[in-house]
Amino acid sequence: MLAVFEKGIGKPPEELSLPSMGLQNSKTRQEIAETLRVAWPEANMYSLSNGNFLALSHEDESPTHPRSIVVVDDVFCIFVGTLENICDLRRHYGLSRQATEAMVVVEAYKVLRDRAPYPPDQVIRDLEGKFAFILFDAKGGTLFTARDRDGSINLQWGMAGDGSLVCSDNPKIITEACGKACAPFPPGCIFMNGSGLMSFDHPLHKVRAIAREDDDGSISAIIFQVDLLTRLPSIPRTGSAANWADAAVVNEE
């Protein structure tokens with residue numbers, strides 16, 4: 001899977017550009033789209049406004065970690081992996097037995113957005129299994145990404161040459177798109193534009209960017225980890241608007 005969003009929507013953490021030569025070999029959104037067409041000619045590509053896009057290929061797909069995409073009411077969701085409690089989730093959200101994992105995630109997002117009084121980290125915590133997903137609400141402009149707590153599914157994110165956010169489960173595509181300006185998406189975390197990066201198991205603790213240096217002292221890589229020693233202030237949530245706008249904000253430092 002591949003998702004590319006302009007900085008105004010995705011706003012990737014600035015720390016992604018820190019590794020030496022980070023952005024020198026990276027591409028623009030248009031160049032990434034051309035790279036995709038060459039690498040995955042059979043991929044389904046969903047073009048959005050301003051050159052933003054999502055794409056899904058079944059090439060080299062693991063039978064135990066299938067990829068799927070669904071579009072419901074202008075909400076796009078690419079899902080990789082499986083949910084062990086999908087039967088319970090279908091019943092909880094009133095979905096049919098044919099509903100896929102991607103459909104369940106879309107319904108969970110729509111309930112959070114429209115009705116429910118509980119925070120997003122609680123809902124994602126209820127997902128049991130091996131998964132990663134990228135969801136985009138084209139009407140609301142909301143980008144929502146998550147990876148399971150064990151990091152069972154490969155998911156990386158990076159910064160393109162024009163500052164765009166790039167997310168993919170394919171390391172080769174990420175490297176071609178972002179050069180060294182990329183990192184693994186942290187397990188057990190969610191990213192929402194406007195709210196930033198947070199842990200769904202530890203929502204009141206910061207997720208920090210940690211730099212790794214080579215023998216010359218140059219930054220060679222960035223990883224993101226939950227800092228269990230730094231506690232964020234509790235933020236009251238009242239109503240669905242607060243669910244998305246007032247989630248515990250993580251300002252990467």
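The mean pLDDT of the chain is 86, and 89% of its residues reach 70 or more; pLDDT is the predictor's confidence in each residue, from 0 to 100. This is a predicted model, in which local features need pLDDT of at least 70 and side-chain atom pairs count only at pLDDT 80 or more, while totals for chains, interfaces and linings use all residues. Residues are numbered from 1 along each chain as its sequence is written, and side-chain values use heavy atoms, with hydrogens and water left out.

Over residues 236–253, pLDDT stays under 50. Where pLDDT is low, the predicted coordinates should not be read in detail.

Helices (H or I, at least four residues) and strands (E, at least two) are DSSP runs, numbered from the N terminus. In helix α2 (residues 86–93), Ile-86, Leu-89, Arg-90 and Tyr-93 are buried, that is, under 20% relative accessible area (1.4 Å probe, protein chains only). Seen down the axis of α2, these buried residues fall within an arc of 105°, so they line one face of the helix; the arc is that of the directions from the helix axis to the C-beta atoms. On the other side of α2, Arg-91 and His-92 are exposed, meaning over 50% relative accessible area. The elements below are among those covering the buried residues of α2.

| Covering element | Residues |
|---|---|
| β5 | 75–83 |
| α3 | 101–114 |
| α4 | 120–125 |

Phe-131 lies in strand β6 (residues 129–137) and is buried, with a relative accessible area of 1%. Its C-alpha atom is separated by 4.4 Å from that of Gly-81, 50 residues apart along the chain.

Note on methods
Contact means heavy atoms within 4.5 Å.
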